[in-house]
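Subject: Model for you to look at

Hi,

Here is the structure I promised to hand over. Please open it and read my notes alongside.

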There are 2 protein chains.
Amino acid sequence: MKLSDLPEDDGYRLWLRYEPLSEPLFSSRRALARELVFPGEAPTLVAARDELVRGLGGLLGGPVPLGETVHRAGTVLAGTPDSSPDVRSLGLEADLRELGSEGFVVRSARLRNEAVTVIAARTDIGVLYGAFHFLRLLQTGASLDALDLRSAPRIRRRLLDHWDNLDRTVERGYAGFSLWDWQKLPGYVSPRMRDYARANASIGINGTVLTNVNANAVVLTREWLEKVAALADTFRPYGVRVYLTARFNAPVELGALSTADPDDARVRAWWAEKAREIYRLIPDFGGFLVKASSEGQPGPQSFGRSHADGANLLADAVGPHGGIVMWRAFVYASEVPTDRAKQAYDEFVPLDGTFRENVLVQVKNGPIDFQPREPFHPLFGAMPKTPVMTEFQLTQEYLGFATHLVYLGTLFEECLDSDTYARGPGSLVASVTDGSLHGHALSGIAAVANIGTDRNWCGHPFAQANWYAFGRLAWDHRLRADAIAREWLAQTFSRDPSFVEQALSLMLESREACVDYMTPLGLHHLMAWDHHHGPGPWIDQGRPDWTSVYFHRADERGLGFDRTGSGSNALEQYRPEVAARCARLGNCPEELLLWFHHVPWDHRMRSGRTLWDELCHRYHSGVLWVARARSVWDELAPFVDSMRFEEVRSLLRIQESEAVWWRDACLSYFQTYSRKPFPEGIPAPARALEEYRAIDEKYVPGI
Amino acid sequence: MKLSDLPEDDGYRLWLRYEPLSEPLFSSRRALARELVFPGEAPTLVAARDELVRGLGGLLGGPVPLGETVHRAGTVLAGTPDSSPDVRSLGLEADLRELGSEGFVVRSARLRNEAVTVIAARTDIGVLYGAFHFLRLLQTGASLDALDLRSAPRIRRRLLDHWDNLDRTVERGYAGFSLWDWQKLPGYVSPRMRDYARANASIGINGTVLTNVNANAVVLTREWLEKVAALADTFRPYGVRVYLTARFNAPVELGALSTADPDDARVRAWWAEKAREIYRLIPDFGGFLVKASSEGQPGPQSFGRSHADGANLLADAVGPHGGIVMWRAFVYASEVPTDRAKQAYDEFVPLDGTFRENVLVQVKNGPIDFQPREPFHPLFGAMPKTPVMTEFQLTQEYLGFATHLVYLGTLFEECLDSDTYARGPGSLVASVTDGSLHGHALSGIAAVANIGTDRNWCGHPFAQANWYAFGRLAWDHRLRADAIAREWLAQTFSRDPSFVEQALSLMLESREACVDYMTPLGLHHLMAWDHHHGPGPWIDQGRPDWTSVYFHRADERGLGFDRTGSGSNALEQYRPEVAARCARLGNCPEELLLWFHHVPWDHRMRSGRTLWDELCHRYHSGVLWVARARSVWDELAPFVDSMRFEEVRSLLRIQESEAVWWRDACLSYFQTYSRKPFPEGIPAPARALEEYRAIDEKYVPGI
């Protein structure tokens, strides 16, 4: 294996590396960026200029001079019509107005007869987004000739949700601990906070929920709000607004009141005053994210009120200040339902039309919980009068933590491209999310962050791609997962086509491989108890809808959860066009087969194999993929610095051993029901089922 | 304020920055290091060569060529007589033998008529230590002419104790979380682990206890020992051996036995087998550190056995493999003693002579618990038949966490220089520690680490100096705290004398200032409950010897703990020469006055002030020092890169506000006993005592 002699890279710079371009790119790009003209002292403009200075300086191998006005060819001109007379002179106002408050143009133009490249927007933040886009073009080696780019986000609120606790542990966090160093705040704000905001701005993320949805009221105390304000001040120039999770019982827990009943006037007054206090400290505070009346969290149902009553209480508090409330539909109450997949729909559809205008209902991509594969959530399209926002999970709670290479761009795309048929064919989840399907001005998308104190932010070098892909899709969901992966690879590792093509294949195949070695054919929720690391198909103790057997329903006849009319009938929550596709066993897409059907072990699959044989082959092919990925990666050694190369190499080795563990544990377990031998070519598990069951991992992170 | 334009430095490189020398140093040093001759492929020699290549390349602004044999003037020659024929030809064997297994020489010599600088040792690790020493000479700007240095450590075991839990929290850790990424171990070992070992080796630390003294038996399971072994493999080339804390109840908790009684043959066999298992995985495993029968930890006393019985049990297990046991004397049992300061002495002195030869008794610098100032521990010199090792605390549990600039070199020096009079005058704690006083071959010194996942390792840029100073003093306790601070500053920040002199004053004064604003005049244990952050002189609930009132004994007559014959008589645990110095109120050093005496409020101090007025002045002068430190630091801006400059600047601001908090809370509280007004010049507290008492900080790190 030939190692590279590239300088070591610890991954901290993410996709913003700005390593010098090589020829012939270097000379041609240098000619287009001989000087930068970018007046203005507003903080966001300064941030954009600093980024261009840093980026151009790095990519072009030396400082790019700053000019006052355009006076020579090859100038990069940036600004708004207000901040830059040169930009104003180009007469872009009408174009810019159409692009709204965050959009930008990047355009080749002539000014005083000189060829210039213009980065312009109506707003400062638009200019910043344009600057990052221009640098992305440079880094990916895109042509800069005759540029005429216009870009504006399709979704208004593009957020990261941090499940960060105030003690700096991170629920389901696998990249170290919380970035927020509460003890030193507000007195000291680490420079990393600015880099966090830069990274988000570079991909268009414009908000961050700092705290765990399993919320703690303490963050709403004055002392902690001052810490939050220090972060908000740091993020502000980058257009990243701060949000918090609201603990529904806060009026009681903070000692003010004896009830948190949304119908109580004192409760309403308490939240209104709390909102005023927050906005005095953080004038652009984004609003609240709330998980209520679910998994033990307090909520309006404790007082006999509905989710809408709860959401509206908070919406009325922040509304006067321009804030919003994101109310999570991930609810399940103390009674165990016949099918957990149905509960959110049952609870929320009747409430459609009763939420305030500044409320979004936040819905996970699928009806269970961020499994390797789920069908889209039936609430998408089912609440036409309510803005419904999509929630993805970047942190790989169910996809191998930070040790498995799993590119989620394809998962996001699969969900966003799903057709709900809510207003006929083409009613995609994406158009529910961007508000266009039902004409909502307010729209949002969020992802549970995979970011922590690890030097490379995400624990796995490739996990950075999931943060990146989410941001890019949140900005424009018409981008394709493969194109995004390509641009991420080019910026993060190498533009060399031999590298990009091979690494791209790994990324694009990786999620399906993970589905195969964990939960193929529509299986779901097979993970170990509590910490969710590794397989636990045998889990049958505790709350039934937290067990594995509740979801896989293996018995001697077969495998899978019958959600058709003969079972829980969760299918009826989908439009008939969708339901019809899945209702018949013979018709149902095989990747969701066991999600919707209890299937006999001898059922003949499209491959010609029986279900049991197919299950074995799927598990095994997932393992084989990781083995193949390891050799592909080894071949890529010449393109990657040794630090990241060795890290990915080690992690792929861990991934392979854990894929084997998943395969062997799950097949050993399901075999006790199928009572069939392993088909030829499938290796027998190395250990007895009892040994897999006895594995009792300690101190698994993220809980 | 003029900021520097030095490149940003995040502190990760610690004192191993190797920034290019400036003239005239550059040319003169370059002439002495034109080529490096350093054969050998043993891992430690490779580590030493890599370090010289890195260090010389950085300091001299470009790669230094590697030669096979000395053939020109200005060659740096490194190795052992075995690894290098050129070294062998110099006839150093006799000298090197005297320097033992870790010592080295750095010497100007002539070989084949060419001037060379030789780094030589009898062992590979000696060469590595010599290489680091040579680089230190270069970095600090020391002369390299006519070098004739010989160096060998005075203490054999020089250890960091990490109070790291297996969930990666760190007890009393203020620099983020545990460096050990257990989940990814052994499959992936972060490059940071090597840098950790490098940093330790650079200052001569040769062992690390990975786990908290409040121990967890899980680390002794096979799965976890494999993780430990991966760390040991990484540290080994740097001479850093791995140790673990042993949970005394492990045989029971890991499910093997029903008792952990050291007298039980099955227990002895269990530990012997466990030791064999460990040494199979880690052939150079250092041994166990044990906290037993103290603060709720299980121990031999649960079975009616003595500390010696417990220590010998483990010593017999690791002894055959060359391992040692460090048995902590920090014990206090369930009954509350009349004076906690006396307990360790009372328990351990009778056991002197009953420990196995491979047991060290580990004693904290003072008899209470790492307070800003304590007298030396009375056990030093009181167990002549037992090797007694010293334990310091680098992590600033009681000295302002990682937000206060407090240089501990002076504290270490004060303790090591203390005269126990055990064998007459000059029986220093240092000579107890290095074994020379009572002729022990085995000797040790340990410090509770202040290292975590924070990018700069220690949370505060200046906290790195405490790690550094400990290592340097552990190697040679005759070094002086000021000289160590000087060399640390020169390597870590700047060699400019204007910088070094001013920053040095800050460092040297800082600990006394902290004593002043926290616990002046011998006060101790006044901190807030449980998390130990901020003042809590009013703490009077819970176990009495965990309260503040137990220790300060304030009443209307006066203040302080009477440890003379009229009180607990803890003084009698010291030799008469020491006791006599402190026994009389008028004679006692004022910095320990309230440690040993209950002093009337009107007692006339040496300053001419009453005790009350002096107390007020001391608290206030501590605050004034921090204010002055802030302006001094601001003046140093031109010498420091902006990242570290701003960080220290912010932290000094926090330090000042916390110093004010300590002063105002403590004086408000003590005033309720003294019933005297604040003397002129002492500002009245900003808040009422009740408000200070009501401060209830949440999520303070380190617990």
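Tyr421(B) sits in the loop between helix H12 (409-416) and helix H13 (429-433) of chain B. Helices here are DSSP runs of H or I with at least four residues, strands are E runs of at least two, and both are numbered from the N terminus. The phi of Tyr421(B) is near 60°, a positive value in a residue other than glycine. Tyr421(B) has 25% relative accessibility, so it counts as partly exposed. The cut-offs: buried is under 20% relative accessible area, exposed is over 50%, and partly exposed lies in between (1.4 Å probe, protein chains only).

Before you go on, the ground rules. This is a predicted model, in which local features need pLDDT of at least 70, side-chain atom pairs count only at pLDDT 80 or more, and totals for chains, interfaces and linings use all residues. Residues are numbered from 1 along each chain as its sequence is written, chains are lettered from A and ligands numbered from 1 in the order in which they are written, and side-chain values use heavy atoms, with hydrogens and water left out.

Chain A has a positive phi to check too. Arg675(A) has phi near 55°, and this residue is not glycine. Arg675(A) lies in the loop between helix H21 (642-674) and helix H22 (689-694) of chain A. Its relative accessibility is 60%, so Arg675(A) counts as exposed.

Next, the cis peptides. One joins Glu23(B) and Pro24(B), with omega about 0°. Pro24(B) is in the segment before helix H1 (25-32) of chain B. Another cis bond runs from Leu185(B) to Pro186(B), with omega near -5°. Pro186(B) belongs to the loop between strand E7 (157-161) and helix H6 (191-202) of chain B.

Now the barrel in chain A. It is closed by 8 strands, in the order E7-E8-E9-E10-E11-E12-E13-E14, with parallel pairing. From one strand to the next, the twist averages 25°. Angles run from 0 to 180 degrees between N-to-C directions; axes are lines fitted to C-alpha atoms, for helices over the stretch in contact. Strands count as paired if DSSP finds at least two bridges between them. Strand E7 (residues 157-161) and strand E8 (residues 207-209) of chain A pair in the parallel sense over 3 bridges. Leu159(A) is opposite Gly207(A) in E8(A). Helix H7 (residues 222-235) of chain A packs on the sheet, touching E8 and strand E9 (241-245) of chain A. The direction of H7(A) makes about 150° with that of E9(A). Contact means heavy atoms within 4.5 Å.

In chain B, look at strand E13 (residues 388-393). How many of its residues are buried? 6 of the 6 are, so the strand is largely enclosed by the rest of the structure. Both faces are covered: Val388(B), Thr390(B) and Phe392(B) are buried on one side, and Met389(B), Glu391(B) and Gln393(B) on the other. Strand E12 (residues 359-364) of chain B runs parallel to E13(B), joined by 4 bridges. Gln362(B) stands opposite Met389(B). Strand E14 (residues 444-448) of chain B also runs parallel to E13(B), again with 4 bridges. There, Thr390(B) faces Ile445(B).

His377(B) is in the loop between E12 and E13 of chain B. At 3% relative accessibility, His377(B) counts as buried. Beyond neighbours within four places in sequence, the contacts of His377(B) include Ala344(B), Val363(B), Lys364(B) and Tyr574(B).

Last, a helix pair in chain B. The axes of H15 (residues 481-492) and H16 (residues 497-518) come within 10 Å and cross at roughly 130°. H15(B) and H16(B) are therefore oblique to each other. On the scale used, under 35 degrees is roughly parallel, over 145 roughly antiparallel, 65 to 115 roughly perpendicular, and the rest oblique. Among the residues that meet are Trp488(B) and Leu489(B) in H15(B), and Phe499(B) and Met507(B) in H16(B).

Best wishes
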